[in-house]
Amino acid sequence: SLSFMACVVAVAGCTGHLGSLIVQALVKRDAHVIALVRKGTSADKTHKLEHPNVTITEVDYNDVDNLSKALHGATTVVSALQGLRDVIIGVQSTLLHAAEQAGGVKRFIPSDFSIDFFAMPPGLNRNLDLRREFNQQHLDKSSSVQGTSILNGAFLDLLTSRMPILNFDQKKAMYYGDNPDQLLDFTYTEDIAEFTAAAALDDTAPRYLHIAGDTKSVRQLADMASEIVAKEGSSDGDNGDGTGGDDADRQRRPFDLVCAGSVVDLEHMILGMRAADPASEEVVFPRWQAMQYLHNMFAGIGKLQHIDNDRYPDMNIKW
């Protein structure tokens, strides 16, 4: 049986989208939250965090002693920090040392929130290689703090933006490789935050937790998108005489499944983009990074093998 702590949880990266949702989800569970923000963070960024159960604490992420004082009383640290090596390895390892020094911290949930990169060979995803390195070289070597990694597939919110699988304007569903039936895992950001809050308060949380709001192939996504657009069209694309106009006909046309190339083509495209724009190596989410996620998913690498969606039955998520 699960045992939930009356808990103080420190959250790093809490001014970002996922981090602020994690703070809200923790507050809903009556936890007290230490919201860690960089010194000099503007009030408009911290305003959404204000709540009687939230202590907004300015910290210096390069100073272990300063961080350790800020973590006083916390039993869990959650990181939703975004960045490259200086943040994912640098800041997170400083935060981990501070957690060890603070004494009361038992669990550290790193900023993983992705497909399962633990089973993935290095070199296929720059951002995920950094996360694996932090987990294996730092978190797993801690003698006093237990790690819990939350792996959730892709963020469902990115399906039409950063990871352009569905194009609603052109009614196309794009895939790479030879298998439009390759299953892909997706989860809404709000659901990831709710689950993370539950795990942060779970005294018995395991080393890895896998969640997927949905698991669908591109063929299934195309069918779903066609249905959505057809429904919208039937309500507003009619001429009033039952015939429908050209718009209505276009609405009813199903999404086309389009193979954008092989997985190897995608690898070459990524290499070409990186070579042509060396400055993009300093950007957290350049276009080629999004393409690395697509590569991993369509190659079937990082697919979640078991799902822990039902670990916290009190969550009001309809998985």
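Analyst: Strand S11 pairs with strand S13 (residues 214-216) in the antiparallel sense, and three bridges join them. Strands pair if DSSP finds at least two bridges between them. Strands are DSSP runs of E with at least two residues, helices are runs of H or I with at least four, and both are numbered from the N terminus. This is a predicted model, in which local features need pLDDT of at least 70 and side-chain atom pairs count only at pLDDT 80 or more, whereas totals for chains, interfaces and linings use all residues. Residues are numbered from 1 along each chain as its sequence is written, and side-chain values use heavy atoms, with hydrogens and water left out.

Together the three strands make an open sheet, ordered S8-S11-S13, with mixed pairing. S8 and S13 are its edge strands, and each pairs on one side only.

Now the side chains of S11. In a regular strand, side chains alternate between the two faces of the sheet. S11 spans residues 184-187, with Leu184 and Phe186 pointing one way and Asp185 and Thr187 the other. All four are buried, that is, under 20% relative accessible area; over 50% is exposed, and values in between are partly exposed (1.4 Å probe, protein chains only).

A second open sheet also has three strands, in the order S9-S10-S14, and its pairing is mixed. Strands S9 (166-167) and S14 (256-259) are at the edges with a single partner strand each, so one side of each lacks a neighbour in the sheet. Strand S10 (residues 172-175) runs parallel to S14, with four bridges between them. Met174 sits opposite Val258 of S14 in that pairing.

Next, the helix packing. Two packed helices are described by the angle between their axes and the distance between the axes. Helix H1 (residues 17-28) and helix H6 (residues 189-200) have axes that come within 8 Å and cross at roughly 50°. Axes are lines fitted to C-alpha atoms, for helices over the stretch in contact; angles between N-to-C directions run from 0 to 180 degrees. H1 is therefore oblique to H6. Angles under 35 degrees count as roughly parallel, over 145 as roughly antiparallel, 65 to 115 as roughly perpendicular, and the rest as oblique.

Contact means heavy atoms within 4.5 Å. Nine residues of the H1-H6 contact are nonpolar, three polar and three charged. Nonpolar covers Ala, Val, Leu, Ile, Met, Phe, Trp, Tyr, Cys and Pro; charged covers Asp, Glu, Lys and Arg; the others, Gly among them, are polar.

The axes of helix H4 (residues 85-102) and helix H5 (residues 126-137) come within 9 Å, crossing at roughly 20°. H4 and H5 therefore run roughly parallel. Their crossing is right-handed. From H4, Arg85, Ile88, Ile89, Gln92, Ser93 and Leu96 meet Leu130, Arg131, Glu133 and Phe134 of H5. That H4-H5 contact has five nonpolar, two polar and three charged residues.

Finally, some loop residues. Leu71 lies between helix H3 (64-70) and strand S4 (76-79). Its relative accessibility is 0%, so Leu71 is buried. Neighbours within four places in sequence aside, Leu71 contacts Ala10, Leu36, Val77, Leu95, Ala98, Ala99 and Ala102.

Most residues other than glycine have a negative phi. Asp30 is not a glycine, yet has a positive phi of about 65°. Asp30 sits in the loop between H1 and strand S2 (32-38). Asp30 counts as exposed because its relative accessibility is 65%. Phe113 also has a positive phi, near 45°. Phe113 belongs to the loop between strand S5 (107-109) and H5. With 5% relative accessibility, Phe113 counts as buried.

Technical notes
Left-handed = near helix turned anticlockwise from the far one by under 90°.
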